[in-house]
Amino acid sequence: MSLNVEAYDAHQILTPGTGYLSKYDHSLNPYVGCSFGCSYCYAAFFAPFDKQASWGDWVRVKQNATLKLSRIRRSLEGKTIYMSSATDPYQPIERRLELTRSLLPILAEKGAHLVVQTRSPLVTRDIDLLRRFDQVCVNLSITTDCEDVRRAFEPRNPPIRDRLDAAATVAAAGVPVAITLTPLLPIVDPDGFASQVAETGARRFAIDQFADTSGHFRAGTGESARCLADGLAWDSARYQHASAVITDRLAPDIRAGVAGFSPDYLLSSPAPR
């Protein structure tokens, strides 16, 4: 299926941190929409209603993002920025457009503290720029140890092995890495999976289950992902068992839920494992 790409001028590039990201000063989304199109993605909730069903098939590009960020006059020194909260800054179109790459030098020069959230090995391309930051962390999303599960929930995503290798590459370059096991999908071997992610050299780990929708303003996991989980008998009991095994194996460097995404936690620098 072809990707529908639209470029537009955004009114702003930095958004105040709220809700799940309330401990951050800002979030930064170079794109609207995400062609990875994960079945469980909460960000689809925030898309225009007529575009929610086609989540993953369209991307809007903030073509003025670099200019907007460069013209920000207020200081970003020590400000914590989460990139990104509602898209993947390294989704496939980034390879051609290099929009995210264009933002990194500006953020580093302005003294921002940056957390990058992605599931793409493309992040390794920008190691040279990530090393310019005084405080930075790359969060790599790795949600299962089973390729069949990955293909069921994340058919357009990079393979698990590629993500593990990317995490190891970034960590070996001296850029702090966190592995986000969120949402944790069905796991074949929880203990073995914990060993795999630990061997990447990641310093931090976050774990969580599917997000619940509450009211009209809290985004949650899509119905298609819940149906897939039901079909694989991935219920609360199985999640709790797998989570307990993984947490025990990765303690004390793992946190659950919103605490796992705290900038104070991610941007601290513990001794290597």
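Modeller: Helices and strands here are DSSP runs, numbered from the N terminus, a helix having at least four residues. In this predicted model, Ala233 lies in the loop between α9 (223–231) and α10.

Colleague: How do you know whether Glu98 is buried, exposed or partly exposed?

Modeller: With a relative accessible area of 38%, Glu98 falls between the cut-offs of 20% and 50%, so this residue is partly exposed. Glu98, found in the loop between α3 (93–97) and α4, has a positive phi of about 55° although it is not a glycine.

Colleague: Why is α8 called oblique to α10?

Modeller: Helix α8 (residues 190–198) packs against helix α10 (residues 236–250) at an angle of about 40°, their axes being 9 Å apart. Because angles under 35 degrees count as roughly parallel and 65 to 115 as roughly perpendicular, that angle makes α8 oblique to α10. The crossing in which α8 passes α10 is right-handed.

Colleague: Which residues of α10 does α8 meet?

Modeller: Residues of α8, including Phe193 and Val197, meet Ala242, Val245, Ile246, Arg249 and Leu250 in α10. The residues of this contact divide into nine nonpolar, one polar and two charged.

Note on methods: Residues numbered from 1 in each chain as written. Predicted model: local features only at pLDDT ≥ 70, side-chain atom pairs only at ≥ 80, totals over all residues. Heavy atoms only, no water. Axes fitted to C-alpha atoms, helices over the stretch in contact; angles between N-to-C directions. Helix = DSSP H or I, 4+ residues; strand = E, 2+ residues; numbered from the N terminus. Parallel < 35°, antiparallel > 145°, perpendicular 65-115°, else oblique. Left-handed = near helix turned anticlockwise from the far one by under 90°. Contact = heavy atoms within 4.5 Å. Nonpolar A, V, L, I, M, F, W, Y, C, P; charged D, E, K, R; others polar. Buried < 20%, exposed > 50% of the residue type's maximum accessible area, 1.4 Å probe, protein only.
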